[in-house]
Every structure is written in structure tokens, then in C-alpha cells.
Amino acid sequence: MITAALHKRKQTYLDLAILIRTDNTVSTIHDFRVASRNLLALEPLLRKGSDTSHWKIMMRKWLKTLNQVRDIQVLQEILVGHVEIEPLLLTHKRNCLKEWQEISRTIADKNFQDDLISSLETYCCRIETEPAFFDQTVFSLWLKTFQKVQIALQHADHEHPISLHKLRLRYKSLRYLATFIYDVGIVDTLDFPRLKYWQDLLGSIQDLEVGINWLRNSRVASNLINELSLESHRLRIKYRDEKEKFGQNIMEMDNFIRSGIQNIKLNSQAVTKI
């Protein structure tokens, strides 16, 4: 089940990497970004078995460039109907797409694929001959990822959107790792709607802040800046009011997943003794 889950993520990413060379629609870009983050969330796990630096660096580079395209697509949705800024938006979108299309022609080439597949195969071979290695590495990664979220949560301040953005990035890694842990059967249930709720709330705040900064830098439509600022403030107040519940949800998930990993460890030890 572990090997299947890892290879499914790898294959999904590679299939989308081929598709996105020619398809720059919102849905394909979204799916490719999710597939990228699904693998990057597990990179520290695979790093325990082999060198992952080459494919990790390339994957992050492509993701960073694609994030600019995604941001402008979101801006178009947020600012739809405001004809006074449509020409500027379209120009910015064309420039972002041009940069991405130049990069995407060679995305996930043979060397990249060979390195990625090698990392997966090395790790899978290790856990096949040494099952406890998975228990140890996944538990270690969960602890580190959870601790980073805890630190980000402590420093998150609704008056400082950058701190909320940092929390969002940490939380996304935790969510993707938790989903993997569910997929491999360590836990038999996860509250997916609740996981999505917090990510969507933090994501909406970040999208608005990106829009505000873009409008300020473009020096256009000051009335729109005020409009987006008010909505960002409303959502940040919502986060402030629900922050305690957010922390409780994270703690509950941590306890649940730690218990699941501990049960797997005990089962592995029992098998080893037999």
C-alpha cells in the first residue's frame, strides 16, 4: 500500500507534467500544483534513502514560476467586471504565460524522471527489506512538520498577512502529509472538509493580499484596493476569532495520527518477534 501510494503520486505528477506543456487552463494548473506539493511534502521522507536534491530543486523552480500564472488567473476572477484594469491584467497574464511556456517545453525531462523514479525505488526497496524504516521516517517527518505548523501558528497575527501566509504554507505541507498517511492506511479516517476549510480560509486571505499588492504596484483603481482590503480584513478577523478552534483541530489530528503510527510500530515489532 505504501509503495502504491508513492508511485501513484509520482505518476500523477508526471502525467500532468506532460499535459501542462500544452494545456494552461485553470484546472490543469491547479491539478499540477497540487501534484507538485503532494510530492514535495514527501521529499524529506525519500531523502532518508537517497539524494533528492536535483528533482526537488527543479520541481520547486517550476512551481514558483507557475505560481505567478496562477496568481494572475485568480486576480482575473477577483477583479472580473472591472473593465478599467482588464487591459493591464491581460498584458500581465500574457507575459506570465510566455515565461511559463518557455520553461514548460522541457519540464520533467528524462533526467528529471530518472532521478525521481530512482528516489522512489530506493526508498521502497528499503522499506520492503526493513519495514520499521517506514515507521521511523514517517513518524520523524510528521513530528517535524507538525512542530513547524505549531511555531507558525504561535507567530500568526491577523494584523500581519505575511505571518498568515507562512502559516498557510506550513499547514499545506501538514495537510498533504496527513492525506498520504491516510492513503497508506495508518489512520482509517480524516476530517477532509475541516482540513480544506482552514486551507481555504488562509488561501482566500493570501489571494486578496496578492491582489492588493498587484493593484498598488500597478498604481490603478484605488477604490478596488479599498474594497479588497476590507474583505481581507473581514477574513482576517474571522481567522482571529477561530484561531483557538484551529489550534484544537491541529492538536486533535496530531494525537490521532501519532496513535495510528504507534499502532503500526507495535504491529511491526510483533511481526519481527514472530
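**Helix packing and the nonpolar core**

In this predicted model, α4 and helix α6 (residues 110-129) pack at an angle of about 120 degrees, and their axes lie 9 Å apart. Angles over 145 degrees would count as roughly antiparallel and 65 to 115 as roughly perpendicular, so α4 and α6 come out as oblique to each other. Their crossing is left-handed. On the α4 side, the contact is made by H54, W55, M58, M59 and W62, and these meet F112, D115, L116 and S119 of α6. Sorted by class, the contact of α4 with α6 has 6 nonpolar, 2 polar and 1 charged residues.

Staying with α4, which spans residues 53-78, we also find T65 in this helix. Is T65 buried or exposed? With a relative accessible area of 9%, T65 falls under the 20% cut-off and is therefore buried. Setting aside its neighbours within four places in sequence, T65 is in contact with E99, W100 and I103.

Next comes the pairing of helix α7 (residues 132-155) with helix α8 (residues 161-183), whose axes come within 9 Å and cross at roughly 155 degrees. Since angles over 145 degrees count as roughly antiparallel, α7 and α8 are therefore roughly antiparallel to each other. The crossing of α7 and α8 is, once again, left-handed. From α7, the contact draws on F134, V138, L141, W142, T145, F146, K148, V149, A152, L153 and H155. Across from them, α8 supplies S163, K166, L167, R170, Y171, S173, L174, L177, A178, F180 and I181.

What about the core? In soluble globular proteins, nonpolar side chains tend to be buried together. Here, the largest nonpolar core has 80 residues, and Y13, W142 and Y239 are those with the most contacts inside it. Which helix gives the most to this core? That is α7, with 11 residues.

Note on methods: Residues are numbered from 1 along each chain as its sequence is written. This is a predicted model: local features need pLDDT of at least 70, side-chain atom pairs count only at pLDDT 80 or more; totals for chains, interfaces and linings use all residues. Side-chain values use heavy atoms; hydrogens and water are left out. Axes are lines fitted to C-alpha atoms, for helices over the stretch in contact, and angles run from 0 to 180 degrees between N-to-C directions. Helices (H or I, at least four residues) and strands (E, at least two) are DSSP runs, numbered from the N terminus. Angles under 35 degrees count as roughly parallel, over 145 as roughly antiparallel, 65 to 115 as roughly perpendicular and the rest as oblique. A crossing is left-handed if the near helix is turned anticlockwise from the far one by less than a right angle, and right-handed if clockwise. Contact means heavy atoms within 4.5 Å. A nonpolar core is a set of buried Ala, Val, Leu, Ile, Met, Phe, Trp, Tyr and Cys residues joined through side-chain atoms within 4.5 Å. Buried means under 20% relative accessible area, exposed over 50%, partly exposed in between (1.4 Å probe, protein chains only). Ala, Val, Leu, Ile, Met, Phe, Trp, Tyr, Cys and Pro count as nonpolar, Asp, Glu, Lys and Arg as charged, and the others, Gly among them, as polar.
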